[in-house]
Amino acid sequence: MTKKKSGSFQLGTVLALVIMCVFLAIANKNFLSYSNLMSVLKQTAFNAFLATGMLLCLITAGIDLSVGANAVFCACLMGCMNKAGVTSGILMMVVCIIAGAAVGFLNGTLLTRLHLPHPFVSTLGMKNVLWGMALLVTGSQMINNFPDSVQFLGKATISGFPVSFIVVIVLYVIMHIFLSRTALGRSIYCAGGNMEATRLSGINTANVLTFCYTMSGIMAALGGIVSVGRSGICNGANATQPYDTDAIAACIIGGASFNGGKGTMVGTMIGCLIISVLRNGFTLLSIESAIQNVVLGLVIILAVFMDVVRGELEAKRRRLAAAK
Amino acid sequence: MSEYVVELKNILKRFPGVVALHNMQLAVKPGEIHGLIGENGAGKSTLIKVLTGVHLADEGEIYVNGEKRVFKNPNESAAAGIACVYQELNIEKLLSVTDNIFINKWLKKGVLLDYDTMHKRAKEVMASLGQDIDPSKAAGTFGMGVQQMIEIAKAVLIDAKMIIMDEPTSSLGEKEVEQLMRTCRELKSRGIGILFVSHKLEELFELCDRVTVIRDGEYIETRDIQDWTNDSLITAMVGRTLENQFPKEFGTKGECMLEVKDLTIGGVLDHVSFKAYGGQILGLSGLVGAGRTETVRAVFGADPIDGGQIFVKGKETHIRSPKQAIQAGIALLTEDRKGQGLVLPQTIRTNLIMSSFKQHSSGPFLDEKKIEQTGMGHIEALRIKTPSIDEIVGQLSGGNQQKVVIGKWINADADIYIFDEPTRGIDVGAKVEVYNVMNSLVKAGKCVIMISSEMPEILGMSDRVVVMRGGRVMAEVDRDSKHFNQEDIMKAAWGGSLDD
């Protein structure tokens, strides 16, 4: 990993985040209030979970378009248990996480053992399957009255600071160490940089990929638990919300590439923050939701464009360095 | 009008650091089948690319029907009537035969494509080439022979004066070869000149009117076919003198490290058997496509096999993946350095430890200190030119990249080192350093297997040579055998037998 270069790039994204914050602070005095900032963090948590899994998949040069639907499905599974009279919140969450992991494992297996082409197609299919399943298990109804233990992660705060975001910080630190300092973490970057060379170096790339997609499923399940705590309900119809694109955008803004081999937890965190600040700003400035969609869409296109420009700049720099 | 349909005079083509062609001559008459032959790397592909306008010659002239021409791109060459059927066919398998033939030259009725006429024309052209088929079917539903005819049909349709066929029979069955030869004779009778590039001597003798031999990018000789013999062709192809650019050092022959018995992959390898010993370099020689790379990939578990046994140090070992091969003590340095050897966007540091994560970890974490220590050791010992261990591998030169791959495998601490074309595309100085690595491995009692298409390298570095052809082992030659020379090894590689 190029510490120096990714550092200088992240400086750019941090700057973008700071400029947005300054602009919002000037435009609306409520922005800098403690309660508003805490609500930004609370909103960030859900996307931060999804983006973690997405990042792993993107580093392998893959993608997981089923994270959003998986999160909703896992939440609805808990809702189904709730409706069926299960009272143990712990049991609900265990089932939720196992279900998320199973979905991710299936995504990984489709890709690596059944050799489906790009995961874009298989995970897009999985997204629809999960959407339908989420509606099936809930009977297309919203379900509420979850046990407190389930709602704790998404709802609780410590003197106003959301617990969900504390968990996110811990998760990001652990994942950062995992990606940068363990053999498996390094193998993920290698697989994304050159799958065949990595396989021929004796790394079981099929297992590495399956691991990434399974992790993505687990992260989606955690996101599902957070969403239940935050809203108090589960709703199968939410499976069509653009959660996946938010996660992808966060990763790409943070320096990941569709070509794989790149991306960091720090960058992804900044990407998540940029997106939630943007959404928060829309609300504060009472921008109507249609306009919000347009702007967010443009931001995502801009992020992908940045990915392309970044690649070209790097290629140019390399050419110049080689010419020297 | 000139006597020749296409004539090349004194062509010189340079690439950065190499002269690929010099003093190149070629003259093809109309209605002639002209053979072109040379060793791997003799410059056949470059010559074809100059003819088809892919490369622009630095010096020399090209004449078409006596008229001087300069081809800046393939379109200009095609417009002048030169067509090429490449070894790798340019067929869109999902499109119909008609679409493939008329690609970019569609016949229209108003704004719409006129498929009635195109199908009719396509059927006629294909029939004239001996293929009575339905051209509205997808090209991919037909065999290689028909697909090749589609390429030839394209050439006929643009009224080509000369058709280049690059190794046209390499992927064809026996019947298809016969059909191709009939077609060639038919094209010849229409006055089209054919440049027939082939590795197969018997085909040249059966088909060609004249044959030109090239070697090391240079024109050697053109003779009428009746003035060539098998032996004179081979001598003309390899007849260079060997300089001692190989710092060969000898180890002591140890135990048999690797035995391959009846290794078979349907249609690729046919009962390949050989032994490789510690303290020795075993050279795998043969022409491109002889099955050498396929053999070592199968040994390394990179591709599945259909049959055969592999013994490592006398013990039968079932290797199903590269991971298991490495555990058994085998390392494979692939031919395609960038595609299969390195993760180009990653650092030297990471690339060096890819096959030895375990040795470079303490507990669950990578031991960066140790990685840096061994890494700096390799950078020094292998003389990798780089500002730091955190340099991106993609930014290094070819020779330095190859050294990183070597460092990676030294880290894996294998007993059997397989080098597939280890010096391809690297400069002379780096080559010598690669040879020295092999020397030191052999001296440490390790077993080295080297695939090389360069005869001097095979002769210069091997203790023993196994010659392959068509997925089979043709001959085994010891360094002290009387057959340990270019002519005999070449002879075996071209399918001849070595008598004692």
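Reply: Happy to! In this predicted model, let's begin with B:R190, which has a relative accessibility of 37%.

Me: Why is B:R190 called partly exposed?

Reply: Buried means under 20% and exposed means over 50%, with partly exposed in between. B:R190 has 37% relative accessibility, so it counts as partly exposed.

Me: What makes B:R190 and B:E186 a salt bridge?

Reply: The rule asks for a side-chain nitrogen of Lys or Arg within 4 Å of a carboxyl oxygen of Asp or Glu. The closest N and O atoms of B:R190 and B:E186 are 3.0 Å apart, so the pair passes. B:E186 has a relative accessible area of 33%, so this residue is partly exposed.

Me: Why can such side chains pair at all?

Reply: Side chains of opposite charge can pair when their charged atoms come close.

Me: How do you know that B:E59 and B:R14 meet in a salt bridge?

Reply: Their N to O distance is 3.8 Å, and the limit is 4 Å, so the pair counts. This pair links distant parts of the chain: B:E59 is in strand β4 of chain B and B:R14 is in strand β1 of chain B, 45 residues apart.

Me: Are B:E59 and B:R14 buried or exposed, or in between?

Reply: In between. B:E59 has a relative accessible area of 42%, and B:R14 has 45%. Exposed needs over 50% and buried needs under 20%, so B:E59 and B:R14 are partly exposed.

Me: What makes the pair of B:E368 and A:R186 one that joins two chains?

Reply: B:E368 lies in helix α13 of chain B and A:R186 lies in helix α8 of chain A, so the pair joins two chains. The N to O distance is 2.7 Å, within the 4 Å limit, so this is a salt bridge.

Me: Which residues are linked with A:R186 in a network of salt bridges?

Reply: The network links A:R186 with B:R349, B:E368, B:E372 and B:D390. A search of the whole structure finds 29 salt bridges over all chains, and two salt bridges cross the interface of chain A and chain B.

Me: What else describes the interface of chain A and chain B?

Reply: Nine residue pairs are in polar contact between chain A and chain B. On the side of chain A that touches chain B, α8(A) gives the most, with six residues. The residues of that side divide into eight nonpolar, eleven polar and seven charged. Chain A and chain B bury about 2,400 Å² between them, 56% of it on carbon and sulfur atoms. The contact takes 26 residues from chain A and 33 residues from chain B.

Me: How many salt bridges are there between domain 1 of chain B and domain 2 of chain B?

Reply: The count there is zero. The area buried between these two domains is about 820 Å², and seven residues of domain 1 of chain B are in contact with ten residues of domain 2 of chain B.

Note on methods. Residues are numbered from 1 along each chain as its sequence is written. Chains are lettered from A and ligands numbered from 1 in the order in which they are written. This is a predicted model: local features need pLDDT of at least 70, side-chain atom pairs count only at pLDDT 80 or more; totals for chains, interfaces and linings use all residues. Side-chain values use heavy atoms; hydrogens and water are left out. Contact means heavy atoms within 4.5 Å. Buried area is the accessible area (1.4 Å probe) that two parts lose on being put together, summed over both. A polar contact is a pair of N or O atoms within 3.5 Å; within protein, one must be able to donate a hydrogen and the other to accept it, and residues adjacent in sequence count only if both atoms are side-chain atoms. Helices (H or I, at least four residues) and strands (E, at least two) are DSSP runs, numbered from the N terminus. Ala, Val, Leu, Ile, Met, Phe, Trp, Tyr, Cys and Pro count as nonpolar, Asp, Glu, Lys and Arg as charged, and the others, Gly among them, as polar. Buried means under 20% relative accessible area, exposed over 50%, partly exposed in between (1.4 Å probe, protein chains only).
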